[in-house]
Amino acid sequence: MRSTMWIFILKRLVQGIFTVWFIATATFFAMHNVPGDPLLNDRATTDAIRANLEAKYGLDKPVMTQYGIYLGNLLQGDLGISFTQENREVNDIIRDHFPVSAILGILAVIFAAAGGVLWGALTAIYRNRWPDYVIMFLVILGISVPSFVVAAISQLFLVNVNGLFGTTVLPVAGWGTVLHMLVPAMVLGLGTMAYLTRLMRSSMLEIISSDFVRTAKAKGVPPARIFAKHQLRNAILPVITVLGPSIAAITTGGFVVELVFAIPGLGRYFVQAVQQLDYTVIMGTTVFYGAFLVFMVIVVDVLYGFIDPRVRMEY
Amino acid sequence: MTELLSADFRPLEAGQEIHGISRPSQSYWQDAWARLKTNKRALASLYLVIGLILFTVAGPWVWSVDPAQQDLDQISRPPGSERSALIVADYAPWDTEGLRFGEGLTLVGEATTQSVRLKWDALPGANGHRVYRNIFPVGPERSYGIPRAEFFDNSVVTFEDRLDLKVLTYYYVLVPLGPRGELLDNYEVIEVDVHRVTTVLEAIDQGLIEESSNLQIGDALNLDWHPLGTDYLGRDMLARLMAGARVSLFIGIGAPFLFVLFGVIYGSIAGFVGGRVDQLMMRFADFVVALPFLLFMILFKISFGIGPGESGVFPMLVAMVVLMWPATSRLVRGQILQIREQGYIHASQLLGAPRRYLILRHMIPNTLGVVLVTITFAIPSAIFTEAFLSFIGMGVAPPTPSWGSMSNEGIKTMLTTPHELIFPALFISITVLAFNLLGDGLRDALDARMRNQE
Amino acid sequence: MNSVKADNGASLLEVEDLAVEFDTYGGIVQAVRGVSFSVEKGKTLAIVGESGCGKSVTVQSMMGLIPMPPGRITSGSAKLKGQEILGRTVVNGKEIRGSEIGMIFQDPMTSLNPTMTIGDQIAEPLQVHRGYSYKKAFNEAIRLLEMSKIPEAAKRARQYPFEFSGGMLQRAMIAMAIACKPSILIADEPTTALDVTIQAQILDLLQDLQRETGMAVILITHDLGVVARMADEVAVMYAGKIVEHGMVDDVFYRSAHPYTLGLKEAMPTNDPSLQHELKPIEGSPPDLFSPPRGCGYCARCPYAMQICNQRQPDDTFLTESHFSRCWLHHVSSPNKPDQLYFKEEA
């Protein structure tokens, strides 16, 4: 069992590498398709940067050669250098800004997953009674209101709260302390939490009416134990399978939250890079994000195997 | 118990109607429609969707205001705000001769959108003054607002503000300056209610009155009516919301139809042909799924490039189709593989049904429900994507309005004129809500497993 | 109402006039419409009928297993050793389910928790009802698996349901149901989902266990072969009512209801005394959304009369323990088909 599990992980990793290669290729050719020579427009490009870039990317050579150079650089873990900032490497940018996004994202994922499982289970148990109605109403709101509106409203709320107390209870924007992270993480996780709540609810409803829960009742197992031992574990399984895509949603959703709350994360930097058309940073960040997401999906898959014995055996 | 007659024991006749044996059978779609009709939420959202489409398509006939036209007299006006304006004389420079002082910071004359005139007495310890204008009271954090003027001379004790005055309550703050121009701790504040005025010339200029009309100074005049107010450039919100709806719904409904169509074709081919082709096609779909969606939307937008005067709607549509089809294709392929193994297909084949009949009679009707539900759920996500991209400035290019880009513009003035954010956000939310609830209802209604349950 | 036995207080379980209905999209379904029966210690009662006739709902409502809402018990009582158990699961501070009444289900594949080991699931009732420690309960679970004739029980107890075959799972289910030595075991179509070869083994196992523990068995099935092999008493259900009830020989050899006759004719057999051409019962059971005014079997009955479409028949007792609910048994009924058994004239 052990060794087959390692083979499974290895297989997924090889698949993952191929996927990252595909992402890198798509990125390269998408950016190569940009009309006009990106180096020819005068967007804050100094001669020094220009010379650097030409040497580094072989921009005077044919496309396929450039593609080869690009892949070679990627293999060495080099994501390139900035177009607009002299001597700034994309790796440095990611090193500086990604931890911020990661902390925010992890908090949001924890918030979303814990909340989704809890509320989902609750609504299923109280099906068609008032806790169900109240929570599902909020969930529908959470799904229907765009994250930037939620972000704006929560900022407005913070301004009013701070105004009410006359001091800064929670900072409205910026980064630094745990207090700075709290509200943005909640806003970021809210949409995913609503989605997971719905998923958990329907999964839980299916489990509640399943044959094996009926068996447990026929055995005389008390409701609390049925919930803990029979319902929760089985109902969580579908939630875990969508955790990978959810992480992706939260990661990119971070762009807006970082923008609105003025958080110096990679998402905000990416949006800036796009606005300045800093091509190499855009490419580097995209490939980095893509690789990160592929990796997260693999992690979730392996995690799933540990929880579901049926999948574990297939390793 | 009543007496039983021997007639009661006669045998039943063939064909005689038997009480309480069965209920009328319904076709799949009849049944689905009946179930949808009992679902109040789904029905309400269906009406809502129809209403939204009417708003988008028929709205511009009813409210034929040009969404690009700027009403400079009414900038960032919330709905239902006062729109009468007093006719005043043309602006004349302020003659400060003969003003009497000694009353502290006071307003001279009426505060109008033409000008606000202030006078004051030099504050204790002042070497000069700075005047701020704010739309909020100063508060404990001592936010003064935007600096409007600075005088390094105690002899200047008057200030006339003519900058972009709106019909608001302003707080003018007077702060004394120290010897080196630093702000001193004390300050004086005055609350000023600004009234709207206009001149005859301006009114004629904007077509509010005829040139021949005989209006006198002191008469009142009604400005253009904007039922939902105006935005930061004085454009009519209702007209812009309608124009924005066209863009948002075009992308929101058009893109899902296109990529679901593509997904259905791709998925059916893979499902039908099967074998190595299927493997290859699905592996490719896996790759596309792995692309970080929003990043590639942005990437494609850059890569397409948007020339001057283009709205960017078309590139966004293409990018969505390119990136969003795999989910549908997987679903349809799965359905087809599943249906192909069903007993009724084998039975039909045994009876000699041609391939075309199998596809038309069994495959398509049995996948249609799933596809319909997929489209319904794809619409809100497409609308969200458009809004998200436009919000971070990567969507449709200004001046083309969309609900997302309107929200983007509105969020900047969220604190002072929230209606500029609230209206587009509300439209996005209601549309997404309606399609989500409709999707839920459709799924429940079309899911055959749900029949005879609950 | 019409209980077969006079109430002498000796019956282990006494069910009186049980009625259950469900709220559905289409209206109210009256799934069980006044059912009475009793079960004696150590004996087997078989409840027979085709799908949707209310067999499972009858026993599940007794066990508090039907979801409420949409389900609803509208009338009746069920007394276990004289104590009312209908509508409650705890009697005298003791949980009835799992300790006094054990239950096994039709589909063992879905009736066991897929993410819990077999041993843990068998140990669970022991932990809950007997307060055993986990270790003690697990060891007892292994012993129970051995009792259910599962080889390598100690190893099997640590496996998950998906590693078991259907027959093995049903054995595990039985081990789980009898863990706390219940006085009644309810088997809801225990062999329907299994291969024919496995069916016999499971039935043997049930009989062995019944002999060893002296428990009563309520067997729900649509298979008359199983009934003939296992049952002491038989209740034939149709459209939410018991239409014929008696000792197994009465029902088989002196069938008094056209439906019982129909079931028999539709059953393949190698018993020479019952050899015949297979004959299906035409049509389908009535829709219980609007229960028929008259007899539910009217539409399919070859002997149907005008009165059958108008009014419900009453129970007619043929012997002390054998009754049939059919208009043909009415004194005024002119026709008495030869195939049916009628009360001998005194």
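In chain B, 72% of the contacts between residues at least 6 apart in sequence join residues at least 24 apart. Two residues are in contact if their C-beta atoms, placed from the backbone, lie within 7 Å. This is a predicted model: local features need pLDDT of at least 70, side-chain atom pairs count only at pLDDT 80 or more, and totals for chains, interfaces and linings use all residues. Residues are numbered from 1 along each chain as its sequence is written, while chains are lettered from A and ligands numbered from 1 in the order in which they are written.

**Chain B**
- Chain B has 12 helices and 10 strands. Both are DSSP runs numbered from the N terminus: helices are H or I with at least four residues, strands are E with at least two.
- Of the 454 residues in chain B, 36% are buried. Buried means that 20 or more other C-beta atoms lie within 10 Å of the residue's own, with C-beta atoms placed from the backbone.

**Where chains A and B meet**
- Chain A gives 35 residues to the contact, and chain B gives 30 residues.
- On the chain A side, at least two residues each come from α1 (2-32), α5 (130-144), α6 (147-165), α10 (243-260), α11 (266-275) and α12 (279-307).
- α1(A) provides the largest share of that side, 7 residues.
- By class, that side holds 26 nonpolar, 9 polar and no charged residues. Ala, Val, Leu, Ile, Met, Phe, Trp, Tyr, Cys and Pro count as nonpolar, Asp, Glu, Lys and Arg as charged, and the others, Gly among them, as polar.

**Strand β9 of chain C**
- Strand β8(C) (residues 101-104) runs parallel to β9(C), joined by 4 bridges. C:Ile101 has C:Ile184 as its bridge partner.
- Strand β10(C) (residues 216-221) also runs parallel to β9(C), with 5 bridges. Here C:Ile186 stands opposite C:Ile218.

**Confidence**
- The model scores ipTM 0.83 and pTM 0.78.
- Chain C has a mean pLDDT of 82, and 93% of its residues reach 70 or more. pLDDT is the predictor's confidence in each residue, from 0 to 100.
- Over residues 1-8 of chain C, pLDDT stays under 50. Where pLDDT is low, the predicted coordinates should not be read in detail.

Definitions and conventions: Pairing = 2+ DSSP bridges. Buried ≥ 20, exposed ≤ 12 C-beta atoms within 10 Å, placed from the backbone.
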